[in-house]
Amino acid sequence: MAEDSGAEKTEAASERRLQQAREEGDVPRSREVATFTVLLAAGAGLYMMGSSMAARLGATLKSGLSLTREQAYHPDILITRILTDIVNVLITFLPIGLAVMVVALVSPIFVGGWLFSSKAFMPKFSKLNPISGITNMVSKNSLVELLKAIVKTIVVGSVAYMVIMKHADAMFGLANEPLHESSVHLLDMMATSFLWLVGALGFIAVIDAPYQIWHYADKLKMTRQETIQESKESDGNPQIKGKIRQMQREMAKGRMMQDVPTADVVVTNPTHYAVALKYTDGANGAPKVVAKGTDEVAARIRELAKEHKVAILEAPALARALHKHTDIGDEIPARLYAAVAEVLAYVYQLRAYRPGGRYPDRPTRLDVPADMDPNDPASRKPPQ
């Protein structure tokens with residue numbers, strides 16, 4: 001593992017690694033997107049409800065500055081009056097507060113999605129290790145955050161300067177307006193200016209969100225050795241899997257040999273190929289391949305066929321075509337129906353033969369398409 005620690009991480013993170021990261025509470029996050037959406041909700045609420053808020057706050061302020069004789073001489077009445085004014089102020093800001101809270105809960109959907117992981121609350125020594133902290137201070141990500149902070153300051157500062165210059169005269173003119181009108185005018189300017197500043201933060205968020213997704217994927221990249229090791233842990237050692245597949249082939253071969261006695265006919269090459277066919281009378285479907293093989297396996301199929309008196313027919317082209325284009329348990333291809341039907345007709349005639357009758361003629365010219373026979377030159381021609 002020490003040798004792999006310096007290996008280059010070139011492989012994309014696997015699904016298993018991504019899942020493990022999520023279980024540990026590690027998902028891509030963009031603070032700029034979260035800040036932008038929350039401030040946008042606050043600015044939009046202020047812009048849409050600024051007039052009504054100014055009216056309610058003005059009425060509350062006016063009520064709070066006027067005292068009756070009873071309130072002045074009875075502290076309990078005065079306290080009730082103060083509490084009422086506080087409730088009115090809270091109700092005034094409640095719609096904006098609710099909007100901000102809802103947006104704050106929804107904003108994680110945009111980058112990383114919702115996630116709750118108890119592992120994220122567990123203490124980690126690496127977060128308390130001063131050496132790790134110093135290393136993080138001089139990392140590439142820290143440099144990116146520094147550059148982002150500088151860009152944010154420049155962009156937001158420039159927008160703020162332009163907004164202040166645009167509303168400078170109007171702000172100085174507020175002193176000459178009536179209290180109610182000046183309050184509404186002030187809130188309107190504040191909302192407009194606030195939205196301009198939030199727009200500047202939106203520019204930063206549009207750049208930061210793709211970067212955070214890329215940085216997260218780059219952080220979770222794996223070395224080639226890690227990919228191989230994870231594949232072994234997930235799917236098993238390739239050598240063990242190879243042995244398992246070999247055992248499965250041996251078991252399938254054993255089952256295949258057990259099905260040879262149930263076949264209707266064995267079509268041979270005559271020595272290199274052997275394919276056993278079975279047709280269930282009345283069943284919906286074509287004849288099926290119950291066994292096939294080459295060389296030694298083919299010889300064993302022929303031996304079993306002879307032992308159990310299964311008909312054997314030498315048809316080299318048909319045997320080769322069936323072996324190439326079918327697997328055990330498959331129905332024969334439609335293009336070989338005519339040839340196989342002629343073979344089965346011959347087999348049924350053999351079964352019906354009685355001494356003294358006419359012996360069935362062995363089929364010699366079977367209709368096997370040339371492109372289905374692997375030994376025919378036509379099958380090796382590239383498609384036009």
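Student: Which residue forms a salt bridge with arginine 31?

Tutor: Happy to start there, in what is a predicted model, where local features need pLDDT of at least 70, side-chain atom pairs count only at pLDDT 80 or more, and totals for chains, interfaces and linings use all residues. Residues are numbered from 1 along each chain as its sequence is written, and side-chain values use heavy atoms, with hydrogens and water left out. A salt bridge here is a side-chain nitrogen of Lys or Arg within 4 Å of a carboxyl oxygen of Asp or Glu. With its closest N and O atoms 3.4 Å apart, the partner of arginine 31 is glutamate 145.

Student: How many residues apart are arginine 31 and glutamate 145?

Tutor: Helices are DSSP runs of H or I, at least four residues, numbered from the N terminus. Arginine 31 lies in helix α2 (residues 31–65) and glutamate 145 in helix α7 (residues 140–173), so the pair links distant parts of the chain. Their separation is 114 residues.

Student: Are lysine 148 and glutamate 32 buried or exposed?

Tutor: These two side chains meet in a salt bridge at 3.9 Å, N to O. Buried means under 20% relative accessible area, exposed over 50%, and partly exposed in between (1.4 Å probe, protein chains only). Arginine 31, at 61% relative accessibility, counts as exposed, but lysine 148 and glutamate 32 are both buried.

Student: Which residues are linked with Arg31 in a network of salt bridges?

Tutor: A search of the whole structure finds 12 salt bridges. The network that holds Arg31 links it with Glu32, Glu145, Lys148, Lys152 and Asp208.

Methods. Helix = DSSP H or I, 4+ residues; strand = E, 2+ residues; numbered from the N terminus.
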